[in-house]
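Open the model in your viewer and keep the selection tool ready. This short tour goes from stop to stop.

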Amino acid sequence: MIDSAPQTGYAPVSGLQMYYEIHGAGEPLLLLHGAYGTIDLWGPVLSSLAEHRRVIAVEQQAHGHTADIDRPLSYEQMTEDTAALLRHLGIEKADIFGYSMGGNIGLQLAMRHPDLVRKLVAVSANYRSDGYYPELLELIQTITPKVFAGSPIEEAYFRNAPNPENWPTLVDKLKQLDAQEFAWPEDEIRAIPAPTLLVMADSDAMRPEHMVELFRLLGGGVPGDLTGLPKSQLAVLPGATHVSLVTERADLLLAMSTAFLDAPMP
């Protein structure tokens, strides 16, 4: 179970009052949720990571306890909000664990604020919008709030949001985020200094070819017996989907993530 008495607060960043919780003690690890996510949906992922680390879990604009403001959602803005929160808390460098939307924010943090990132675990992340299966992007644009009726995601939103009536607005803003085409500069990805573990499900939301391309940009895809192991790693979890990766296969995800984070810096 998640620690029943975490340190909680709101950081005044970029016009937001950004909610955060701090669980556990030790070296800092920043936990970044996916779209529609809240801290209490992390479940055993958070509690397990907090056994030996100081986990700073955040809620992005319009998610959970963090109230929405009058601006669209973008990866760049959420990245700047997150960097400002770390500096507000006086954290000079942290490991980053991000899932889906949070994995993309983690990549952006490593690109835009490399001084803040020691190691990065990017789960189900992508650096180009065409990394997703096109049929999935088409389906996302048909989502309405009714799709989530009675789901844990809807229940967590209404349980935590300061303005529950904004639920349809969050759905619309996330659809707009997913409708935006993007391709982050490959040279900037190659320049990421942080060792990075990329994790995906074998039946994920993005194409496996895309994740392999990202791995190559991070120095992977080499004959390690000849060149030595690269500083970054790639893991594909079998028999898993984008959603079940962090629920039903959390044991595998945590085992490989903690091993990567605990290993000496290359």
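Begin with helix α5: what covers its buried residues includes α6. Keep in mind that this is a predicted model.

**Stop 1: the two sides of α5**

Select Glu-154, Ala-156, Tyr-157 and Asn-160. These residues of α5 are buried. They sit on the same side of α5, because they cover an arc of only 165° around the axis.

**Stop 2: the largest pocket**

Next, turn to the largest pocket. Its volume is about 1,100 Å³. Select Ala-35, Tyr-99, Ile-153, His-242 and Val-243. Of the 38 lining residues, these are the closest to the centre of the pocket.

Which elements give two or more residues to the lining? Colour α1 (44-49), α4 (134-140), α5 (152-160) and α6 (167-179) to see them. The largest share comes from α6, with 4 residues. Then colour the lining by residue class. You get 23 nonpolar, 12 polar and 3 charged residues.

**Stop 3: Asn-104**

Move on to helix α3, residues 101-112, and pick Asn-104 within it. Is Asn-104 buried or exposed? Its relative accessible area is 0%, so Asn-104 counts as buried. Show what surrounds it. Leaving aside residues up to four places away in sequence, Asn-104 touches Tyr-75, Ala-125, Asn-126, Tyr-132, Phe-182 and Trp-184.

Technical notes: Residues are numbered from 1 along each chain as its sequence is written. This is a predicted model: local features need pLDDT of at least 70, side-chain atom pairs count only at pLDDT 80 or more; totals for chains, interfaces and linings use all residues. Side-chain values use heavy atoms; hydrogens and water are left out. On a 1 Å grid over the protein atoms alone, a cavity is a set of points where a 1.4 Å probe fits but cannot get out, and a pocket is an open set with protein on both sides within 12 Å along at least five of seven lines; lining residues have an atom within 4 Å of a point. Grid points are joined across faces, edges and corners, and a volume is the space filled by probe spheres set on the points. Ala, Val, Leu, Ile, Met, Phe, Trp, Tyr, Cys and Pro count as nonpolar, Asp, Glu, Lys and Arg as charged, and the others, Gly among them, as polar. Buried means under 20% relative accessible area, exposed over 50%, partly exposed in between (1.4 Å probe, protein chains only). The arc is that of the directions from the helix axis to the C-beta atoms. Contact means heavy atoms within 4.5 Å.
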